[in-house]
Amino acid sequence: MLVQKYFQSERFVPDKDMDACGLFGVMNISGKRFGGEMAINAIKNMKVRGSGLGGGFAIYGLYPDYKDYYALHIMYQNKNLNAKRRVEAFLKEHFYMVYDEEIPTNPDITLFSPPIVWRYFVAPQKKNEELAVPDDEYVVSRVMYLNTNVDDAYVFSSGKDVGVFKGVGFPEEIADYFMLDRLYQGYIWTVHSRFPTNTPGWWGGAHPFNILDWTVVHNGEISSYGTNRRFLEMHNYYCTLFTDTEVLAYAVDLLMRRQGLPIEVVSKIFAPPMWDAIEHMKESDQKLYTTLRMTYAPLLMNGPFTVIIAHHDEMIGLTDRIRLRPITAGAKEDFVFLSSEEAAIRAVCPDLELAWTPPGGEPVVVRLNSKDHLLSVNKSI
Amino acid sequence: MYSYLLPEFMIERLENRCIRCRVCERQCANKVHEYDGELDKLFSTEENCVGCQRCVVLCPTNALYVRPRVSDYRPNSSWTRDKMQNLKKQAETGGVILTGSGNDKPYRIYWDHLVLNASQVTNPSIDPLREPMELKTFLGRKPDTLKINFDEGEVKIESELHPNVPINTPIVFSAMSYGAISYQAYKSLAIAAKEFGTLFNTGEGGLPVHMRKEFGNNTIVQCASGRFGVDPEYLNSARIIEIKIGQGAKPGIGGHLPGEKVSDDIAQTRMIPRGTDALSPAPQHDIYSIEDLSMLIYALKEATNYEKPVSVKIAAVHNVAAIASGIVRAGADIVAIDGLRGGTGAAPLATRDNVGIPLELALAAVDKRLRQEGIRHKCSILAAGGIRCSADVIKAIALGADAVYVGTAALVAMGCTLCHKCYTGKCNWGICTQDPYLTKRLNPEISSKKLINLLKGWSHEIQEMLGGMGINAIESLRGNREHLRGVGLEEWELNVLGVKGAGE
Amino acid sequence: MSRMNGMNVKFGYRDNFLGDIRPVDELFAQNVIIEGNRGVINAQGMRHKEINDVLRETAKKGVTDITVNNVFGQRYIGTRLYFPQNHKPLTIEINKFPGNDLGAFLNGHKIIVNGNAQDGVGNTMDDGEIIVHGRAGDVVAMSMRGGKIFIRDNVGYRTAIHMKEYRDKLPVLVIGGTAQDFLGEYMAGGIVILLGLSLKNGEPHRANYIGTGMHGGVIFLRGNVEQHQLGKEVGARELDDADKKIVAKYVHEYCSHFGGNAEEILSGRFIKLLPVSLRPYGKIYAY
């Protein structure tokens, strides 16, 4: 059970953030870990897609030494050490903690009111009645509890062997601040440069958005937000950040983790084919797509979006069904790229072997030890 | 024609006054009046009458009365006559109900619930007739600070300045395209703007080549979704470039100038073949997002060598404050906000009457948000949609506007009587039509004088009210809500406006 | 806080576009080599405005033949080259990957791209020529009103949207490959030729909603397309002799840029797509 925040009326539910952005993701499909240089330089190349009010990275294969533990990245705003004490007491009660430290930052980089950022490697410490609760559910609910109940504390990364680093600034500044290029390696890097139209001053508002090992970076505005949110609330996901991205992340968690649907189906729920197109499909497909649209109508993500969704072993790029936001995929040897602009890929990989742009609603699925990403090439330009 | 509609107007002709001069017959493009020679009598077809009052005011003997025929159906607060008549029209055609001009529904008009302050005792009011009373306003982005070098007696400003455009009064004519309105009306606006030292806005119908040199300096040119008549010369001939995202009368939808209005001259100005529909798509198809808007803003700055401020005009909608903040961050120098009561040449009635929010609330919210984020100085705010008089102007400025756009008011000054039939192309006042028989009724020499008089009269009234508050420069009133009080408003409305209740 | 990353106050305003722009003289001195009427610009690491500052400066020196190297995503190349007093058409060769809005509002210059182009190629272009030795992204030739664009490979969504013509201003767009959805949406004039060379034998074009809302101009389409891929507002016709001449002319021009056998291409099956009405939406209103 996730935590519901009480509002006297829906009138008082905060407006959601609206923002748009630049996106980039790169994955090594043989699982080889590499540094952040490509991700950092690519997003820097697309600087004008952001406004310097949010940037962030998600890195997979980040903590091989602690890969069996949930890595919680927690920010404490306003140097609120009391919040830190409260959080740590809570962690002690609900988790076994194997290691914790302040996430190292570069003192030479000055950013807009940085919080204290700490990481904890933990394992669930379940009480009797909780033993039946799966680990993931247990962790999610504790994270949600902290995020809704402790002022000035915010868990922004909670997966195993994955970490999110984000804040207010251009993404290359965030990278410098956390020294990502020097300290970390991973086999997937996704990055986001934000151009918000409200709540710009908050570190937690930056992307990627994370829940367990799922991360989402997102560009666009989802006009169906209100419908999507209410549907997810019915399934016990309570939005605390009021961003489109949060809705996407929860929808992915609901459909993929809890309901076990593959991304190929989930992408057709988010970005279903038009009824026109369904009419011209063969009968079995007609039935499938009609049923999907009927069943999951509240999860149609209407309006412009491009997302890069990642979890372990998989990175997925998807746009809305009439491709109102851009995406380009690229590949060279074991590296597969997803980007808002092709030139950003070219800038970090000048000898790219293949570049392609899928039609709206057609996912590019990049999987470990597979060539599945090439399945979208034939439908692309 | 429709089968079972009641006439909207009743025409009464005082036979003892009528001298059979047939002026009414000649003046009416809707063919309401008809002379029967055999009977030596004028007859009326009331179904055709739009109530524009042209015949009434031109009747030399005051023989005519045109009055609304209110409702002959059984009175019903829910099923009003409008609702029923429109439904009957749709039942016959399956069409979208069109209308023109601005929203006429009784949404609250906040201007009429705001009152202004005046000096009494504690500071003196100022007499604008004899003392300076400055209305000059600069439109454009202002720097954060100035780096000034005082070197050997020479003063040099080292900061790079963004282009700013001065206007002599905080009133600008809003976007009305050549095509929507007649050349005569369009030119009247240009002449008046030039004479008075302010600006007019071409809308998205282009700027005739022969007007560029003479009026370019007083022109805001639009770059809208149809990109009609947009070429490098057009952009560079203007003083300000405006990206039109939305219009208060029809937020979220595009426009159609019907092919029959696309005459040779209009075709040339818009650079499309004569007789084709000029379709303006709902969005600009290179703008699906805030970073795309930024891309077009800088494309236009590139195309004009960073010499012109770029304005972005949006309709006032629910999240207007956040949107405006994004627009400023995207690089716009001016944000124009067009409210619920803004006018139009043609819009679906359902959209005009139901979409958007009142300008007053939108304006106050935008001004507040931009100040909260510390970026109010990065743009000027132009407020549009339902500004009817000088008091509305001054209240808009106190709510945070730098200047206002006036459209309907300018049309009324030229003769418009708000019959709402702009979309028919049969404007008897020669304003919203391309029929040469009708447009020649409007003489730009004369109607531009009327517009200048409007600017003059309003400016003077603004000066009087400013002086009354003890302020002698308009910038001191900008966003100055201390000079406003609300009357008859609810708590949340006062909160949004940021205004105290009267007596508080 | 003493230094807040160039932010001013409150949440801060970061100028992503004009912030930290280097002076043009400095950039020009470091990155431009001029020999006679030829110039070479090294655009490595230049910001969007910088590259156009340098291009304008180079053009003002009388250079008419400019090569720009190390281009990676810079926008608006060619846009700031409007010189009403002293118009000399320039030829700009770009290596390799220009950014969005390449040649937006282009004023009679010629741009050759030796790589792929992104979104918005020739946006509201007025005159001139753009030749892309690769593919291009979305909204190619949006609201284009004159000049010619040749794309060797495929193009993205909403190509030629609202392209329009007036008298002698007749925009032409030739695409070697196929296009994605909404090709020719709202098209009001001009010529689009889609050759389908990237498609396998018999494979239909990728685009759906071709010519939706089209009310002017013509699309010549080589290869297969299903009826349901066409918008409601277009009709398909056979080519007449005049059409064939037009298509032949531009296919030859295409081959002169990119190679290929023009006769072989021309021997393929073409159809012509025309708007059914100049006034597709004339009847949707109740007055």
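Helix α3 of chain B, residues 81–93, has 13 residues. From first C-alpha to last, α3(B) reaches 18 Å, close to the 18 Å expected at 1.5 Å a residue. Just after α3(B) comes Gly94(B), with a positive phi of about 70 degrees. The model is predicted, and everything here should be read as such.

Next comes strand β5 of chain B, residues 96–99.

Take the two pairings in turn. In general, strands of a sheet pair through backbone hydrogen bonds, either parallel or antiparallel. β5(B) and β19(B) run antiparallel and are joined by two bridges. Here Leu98(B) stands opposite Pro348(B). On the chain C side, β5(B) and β13(C) pair in the parallel sense, also over two bridges. Ile97(B) has Ala286(C) as its bridge partner in β13(C).

Chain C brings 46 residues to it, and chain B brings 43. On the side of chain C that touches chain B, β9 (188–194) and β13 (285–286) of chain C each supply at least two residues. What is the make-up of this side of chain C by class? It has 21 nonpolar, 15 polar and 10 charged residues.

Now chain C as a whole. Its secondary structure comes to four helices and 13 strands. The radius of gyration of chain C is 21 Å, close to the 19 Å that the globule rule gives for 287 residues, so chain C is as compact as a globular protein of that length. Its C-alpha atoms fill a box of roughly 65 × 50 × 40 Å along the principal axes. Buried residues make up 56% of the chain. Of the contacts in chain C with a separation of 6 or more, 51% are between residues 24 or more positions apart.

Chain C also touches chain A. This contact takes 30 residues from chain A and 31 residues from chain C. Which element gives the most to the chain A side? Helix α11 of chain A, residues 342–348, does, with five residues. By class, this side of chain A has 15 nonpolar, nine polar and six charged residues.

Elsewhere in chain A is strand β14, residues 335–339. β14(A) is mostly covered, with five of its five residues buried. In a regular strand the side chains alternate between the two faces of the sheet. In β14(A), both faces are covered. Phe335(A), Phe337(A) and Ser339(A) are buried on one side, and Val336(A) and Leu338(A) are buried on the other.

The partner is strand β13 of chain A, residues 328–332. β13(A) and β14(A) pair in the antiparallel sense over five bridges. Ala331(A) stands opposite Val336(A).

Buried residues make up 56% of chain A. Residues 24 or more positions apart account for 74% of its contacts with a separation of 6 or more.

How is chain A divided by the domain assignment? Domain 1 covers 16–62 and 161–375, and domain 2 covers 65–160. Their centres are separated by 24 Å, taken over C-alpha atoms. The contact takes 21 residues from domain 1 of chain A and 24 residues from domain 2 of chain A. On the domain 1 side, the elements that give two or more residues are β7 (162–167), α4 (171–178) and β9 (209–211) of chain A. β7(A) gives the most, with five residues. By class, the domain 1 side has 10 nonpolar, six polar and five charged residues.

Technical notes: Residues are numbered from 1 along each chain as its sequence is written. Chains are lettered from A and ligands numbered from 1 in the order in which they are written. This is a predicted model: local features need pLDDT of at least 70, side-chain atom pairs count only at pLDDT 80 or more; totals for chains, interfaces and linings use all residues. Domain bounds come from an automatic or database domain assignment. Two residues are in contact if their C-beta atoms, placed from the backbone, lie within 7 Å. Ala, Val, Leu, Ile, Met, Phe, Trp, Tyr, Cys and Pro count as nonpolar, Asp, Glu, Lys and Arg as charged, and the others, Gly among them, as polar. A residue is buried if 20 or more other C-beta atoms lie within 10 Å of its own, exposed if 12 or fewer, and partly exposed in between; C-beta atoms are placed from the backbone. Two strands pair if DSSP finds at least two bridges between them. The radius of gyration is taken over C-alpha atoms; the globule rule is 2.2 Å times the number of residues to the power 0.38. The expected span of a helix is 1.5 Å times one less than its number of residues.
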